[in-house]
Amino acid sequence: APILRRDYRPPAWRVPTIHLDVDLAAAETRVRARLEVERNAAEGALGGPLALDGAPGMVPSSVTVDGHVLDEGAWRIVDDQLLIDLPGAAHVVETDIAISPEKNTQLMGLYASGGLLCTQCEAEGFRRITFFPDRPDVLSRYTVKMTADRTLYPVLLANGDLVGEGDAGEGRHWAEWHDPFPKPCYLFAMVAGDLKANRDSFTTLSGRAVQLGIWVREADLPKTDHAMAALKASMAWDEQVYGREYDLGIFNIVAVADFNFGAMENKGLNIFNSRYILADPETATDADYDAIAGVVAHEYFHNWSGNRVTCRDWFQLSLKEGFTVFRDQEFSADQGSRAVKRIEDVRVLRAAQFPEDGGPLAHPIRPDSYLEISNFYTATIYNKGAEVIRMMHTMLGAEGFRRGTDLYFERNDGTAATCEDFVRAMEDANGADLTDFRRWYAQAGTPRVRATLEHEAGTATARLTLAQTVPATPGQPDKLPMPLPLRIALFGADSGTPIVAERVHVLGDEATEILFEGVDEPPVLSINRGFSAPVIVETNRSAADLAFLSAHDDDPFARFEAMQQLMVDTLVAAINGGQADEAAVVAAVRETLTDPALDAAFIGEAVLLPSESFLGDQLPVVDPSAVRRARDSLRKRLGRELEPEWRATYAATAANRFEYTPTAKGLRRLHSVALGYLDACGAADVPALALAQFEGADNMTDRQGALGVLANGLSGERETALAAFYDRYRNDALVLDKWFTTQAIAMREDTADAVERLARHPDFTLANPNRMRSLVGAFAANQYAFHAADGRGYRFVADMILAADTLNPQSAARLVPPLGRWRRFEPARSALMKAQLERIVATPGLSKDVFEQVSRSLA
Ligand code: ARG
Ligand code: ZN
């Protein structure tokens, strides 16, 4: 039965302290837990026995209350919970259990990864380690004693401060950690292994010294400097921008090779997927470097937005995730190019969140129900959640927003809070009324804004009509309008200058009209500048207007957006067999490419055509072949007609010695974009040019950029480069992932065949989430290849989902959404997709994770 948000009740019992005594070994780990429990006197609290969550098959070898071992009849296991009737208001409860980390393929709870033992508890992994009320509103002080073999596990880490260590005899040793901050069990962490630390320190604003450690296998130590620099920059940024200081004497990060998602903010002991820590020029692209800084910052920022103030229940997940994503986005914007960062973030939102919001899995950023919470770590909770926070920032201004967060942290420190607490702090700190704005938390679906600008030359006025609609989503047929802040400006088409300076208009109603006076030349509308609201805007702007904005708008995002819209309009017209103004796109791209005032990083973003899947999203019914044809034709035309410009750009951006600076990054980006367009124009020398770039590169960005271009083609150079890449990196799992991905996203007729072959490659495994995503996840995002007309892409992904589900349900469930979009495709493909979903759902023994995603997709 689904869990409902409205059913929330405070817990029956509190657990102010917990002591864990953990005897670690890969085959069998013994966990003895000692809980001080007290009945919760809070109003509305649940009653009844002490209920401690466990996992299927878990049975304690003993249960003790107040020092007395209970008879087997005095406790029972019901629905994986250990139930104990306790007469009084306060007791000490002890349990003893054995678990097997090496058999844990779900990678939730305590598991083994490449010789290490490590934990992942969010959302509900702690119950796989010991019996405990596994809900985020039960906060405890933890003491953890770890004992393990000294040779296999010389390093023993847990949350908080190290309070003791010593020899345990028989080649074993122990360490005891104490975390002074009460925390929910999802923030518990423990790591044992043969690790080495990159050590550093940070002095906080108030002068406290914090020891920093990034723990990895010895061979990876040289790849940790970038993450360390990002950590220190994050610590300083959170002090400057939010007034938040770190609060423990130690901050450790551990990198592990097998991890279900990006990273985890466990108090004082973050655990990371190694792909978000390890980097050097030889193995990591600029995008990897950026992602590392972003994720390191994200997890660090959680120390306040997530740990000091945590969530009351999992329906409030966006309270910490949306806010923390907003914080990491702003951190990255401040560190590098703000304009490019915004473009990238909007791309992610449109590629991952808009389709979710428009499909069967749509849910509000604060959902009302779930079957399996792991399925709600979505782009909606994270990325749309961040946009909702950003809108408050826009409406209240940076200072007002900061007043709001100060009040939020002050009021809620040490508690498990709700989204409502956040919004109320924003209101109270600013005397603002966000009553209607709260609809963003409750209503799913991407609002559409129709903006029509009319100019009356006679009265020198311009009339802007704005109308919004919020589409129906599953379970939410009727919607109310949502207040959305639109940054708006007008430019003069003749003078080429701004005629109405930017203003923020909060569109609160279904429709409104804005009158501009003194508009004595034809105006051009620039709207949703900086992507101030996460909505779809439809305007009555002509190709000429868009071309004008792409050359002259003074908001870089709006400039990018105008070019994108021009490209989309052209491509959609071509797909629909109508009049496509390809020449306008060619002219606009030429103008951007040759504008000396623009930096390379921006140009590299602006001249890229929208992806095939984004184009698919603009169509009522998707025919992936028609999308490919239209996009390819425009790509080739851009290549051919601008060949001299691409050649000049390619030459002008040629790399010097590797540097990780915004300027150097921008040049590398544009260099590979130019190579891609040269390839599109079909010049005979391109494979050789690409192979030379591939072989001569002193960094992964250039090497991978060349490989990506070669991989789309049919040249002999393609096979040379792929084989060389494999030989060079076969022992580096993170780089080998790129080898799989490059082939899975290739724009070739035989990609589906190649992917099926690669799934039988000796280096492919479903046991490692990165590897699985690098092939299957990447393939499912390759619209043309995944949607091969005979349906073999669908069958392949369904096979992978079923195979993965027996090992790791969370990872398996993440492959469902691409199939879940079946209603969007032309009838033949749609039926084939649906048939695969039906095959999956009819399979016996399905996990809750996959069952929920597939059944919602079919409903
Ligand atoms: N809180 C972690 C983060 O955002 C991610 C945890 C993901 N958990 C999950 N069950 N998917 O950094
Ligand atoms: Zn997070």
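Helix 15 is mostly covered, with 17 of its 19 residues buried. A residue is buried if 20 or more other C-beta atoms, placed from the backbone, lie within 10 Å of its own. Helices (H or I, at least four residues) and strands (E, at least two) are DSSP runs, numbered from the N terminus. This is a predicted model, where local features need pLDDT of at least 70, side-chain atom pairs count only at pLDDT 80 or more, and totals for chains, interfaces and linings use all residues. Residues are numbered from 1 along each chain as its sequence is written, while chains are lettered from A and ligands numbered from 1 in the order in which they are written.

How far apart are the end C-alpha atoms of helix 15? They are 27 Å apart. That agrees with expectation, because 19 residues (662-680) at 1.5 Å a residue should span 27 Å. The expected span is 1.5 Å times one less than the number of residues. After helix 15 comes G682, with a positive phi near 80°.

Five strands form an open sheet in the order 17-18-19-21-20, with mixed pairing. Two strands pair if DSSP finds at least two bridges between them. Strand 17 (196-203) and strand 20 (263-264) are the edges, each pairing on one side only. Strand 20 joins strand 21 (residues 269-273) in the antiparallel sense, over two bridges. M264 has I271 of strand 21 as its bridge partner.

UniProt, in an unreviewed entry, places "domain: Peptidase M1 membrane alanine aminopeptidase" at residues 227-440. Such annotations may be inferred rather than shown by experiment. This span is 56% helix and 9% strand, and its end C-alpha atoms lie 34 Å apart.

Notes:
Buried ≥ 20, exposed ≤ 12 C-beta atoms within 10 Å, placed from the backbone.
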